[in-house]
Amino acid sequence: MDLASVNEELAEIDGQIGDIFRALQNGFQKLDKIKDANRRSRQLEELTDKMRDCKRLIKDFERVVKDETGHVDPNTARMLNDRKQSQIKELNSYVALKKQHASENKRVDLFDGPRVEDGFGEENVLLASNMTNQQLMQHGDNLMDETDQALARSKQTVQETINVGTETAAALKAQTEQMSRVVNELDSIHFSLKKASKLVKEIGRQVATDRCIMALLFLIVAGVIAVIIVKIVNPHNKDIPEIPGLAPPVSRRLLSIVDRK
């Protein structure tokens, strides 16, 4: 049956979906020939965008079919529903093919998990209207399990981060204390050097003073010895006074004794 005779909008949407399916078929054929990982990833992203557009068009197709349900005969309604199911099945086949290529590339893409920006994950192909209650409950349980696992991993990561931060803080504290001790030791060494320098200067001044005193004593002793020697050699020199405590020359003493007699 020609969809244009039922609804022109349905025919237009069905044509757009057919174009996307042909593009997906050609895209996956090209993907098998691409060896470079980066090019394969870009090709997968482009195919993912096309599948997203196809999913949106299938929703529009379903919406129009629901609007036309009360205006068409049961056979036409069944044909439209079969057409919709056929579109979903074909899209599911491309999604499975896309996941296979994505796992080979070890890349996580749009259809491998729920995303906030797109509002769909695994259920982006299996429309909610075509899922049974049991499937919905099972899918919800799977999402809850995945969420719990993600929370557990997040808690573990946070705890590991806290432990690393604690260890880093302790290491920084130990290094700070060590640097403080080094600074204190440097201050003590600097003080000791200043004190030693001052002591060396004082010792130098004392040594200089002692040398001056010794030189002065040497001069005095030398002068006394010189006077004694001159007095002995030239006893009649009147310019040289007698040194107190020094005995007079022998000749003068003998003359004095002779005169008395």
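A disulfide is counted here as a pair of cysteine sulfur atoms within 2.5 Å, and by this rule the count comes to zero disulfides. The model is predicted, so that local features need pLDDT of at least 70 and side-chain atom pairs count only at pLDDT 80 or more, while totals for chains, interfaces and linings use all residues. Residues are numbered from 1 along each chain as its sequence is written, and side-chain values use heavy atoms, with hydrogens and water left out.

**View 1. Overall arrangement of the helices.** The protein has six helices and zero strands, where helices (H or I, at least four residues) and strands (E, at least two) are DSSP runs numbered from the N terminus. Along the sequence, the pattern therefore reads α-α-α-α-α-α. Of the 261 residues in the protein, 21% are buried, a class that means under 20% relative accessible area, as against exposed at over 50% and partly exposed in between (1.4 Å probe, protein chains only).

View 2. C54 counts as buried because its relative accessibility is 0%, whereas C212 counts as exposed because its relative accessibility is 56%.

View 3. The structure holds six salt bridges, each defined as a side-chain nitrogen of Lys or Arg within 4 Å of a carboxyl oxygen of Asp or Glu. D14 counts as buried because its relative accessibility is 14%, while R83, at 32%, counts as partly exposed.

**View 4. The salt bridge between E62 and K84.** The side chains of E62 and K84 meet in a salt bridge with an N to O distance of 3.6 Å. Here too the pair links distant parts of the chain, with E62 in helix α3 and K84 in helix α4, 22 residues apart. Both E62 and K84 are buried.

**View 5. The salt bridge between D49 and R52 within helix α3.** D49 forms a salt bridge with R52, and the closest N and O atoms are 2.7 Å apart. Both residues lie in helix α3, three residues apart, which is about one turn of the helix. D49 is partly exposed because its relative accessible area is 37%, and R52 likewise counts as partly exposed, at 25% relative accessibility.

View 6. S41 lies in helix α3 (residues 37–68) and is buried, because its relative accessible area is 7%. The C-alpha atoms of S41 and H101 are separated by 9.2 Å, although the two residues are 60 residues apart along the chain. N81, in helix α4, is partly exposed because its relative accessible area is 33%. From C-alpha to C-alpha, N81 and F61 are 9.8 Å apart in space, and they are 20 residues apart in sequence.

**View 7. A negative surface patch that includes D148.** D141, D145, E146 and D148 form a negative surface patch. Patches are made of residues with over 30% relative accessible area and no salt bridge, with like charges joined within 9 Å and nonpolar side chains (Val, Leu, Ile, Met, Phe, Trp, Tyr) within 5 Å. Lys and Arg count as positive and Asp and Glu as negative, whereas His and the chain ends are not counted, and the place of a charge is taken as NZ of Lys, CZ of Arg, CG of Asp or CD of Glu. D148 is placed in helix α5 (residues 133–233) and counts as partly exposed because its relative accessibility is 46%.

**View 8. A nonpolar surface patch that includes L216.** I213, L216, L217, I220 and V224 form a nonpolar patch on the surface, which together has about 460 Å² of accessible area, a quantity that comes from the Shrake-Rupley method with a 1.4 Å probe, where for residues only the protein chains shown count as cover. L216 lies in helix α5 and is exposed, because its relative accessible area is 52%.
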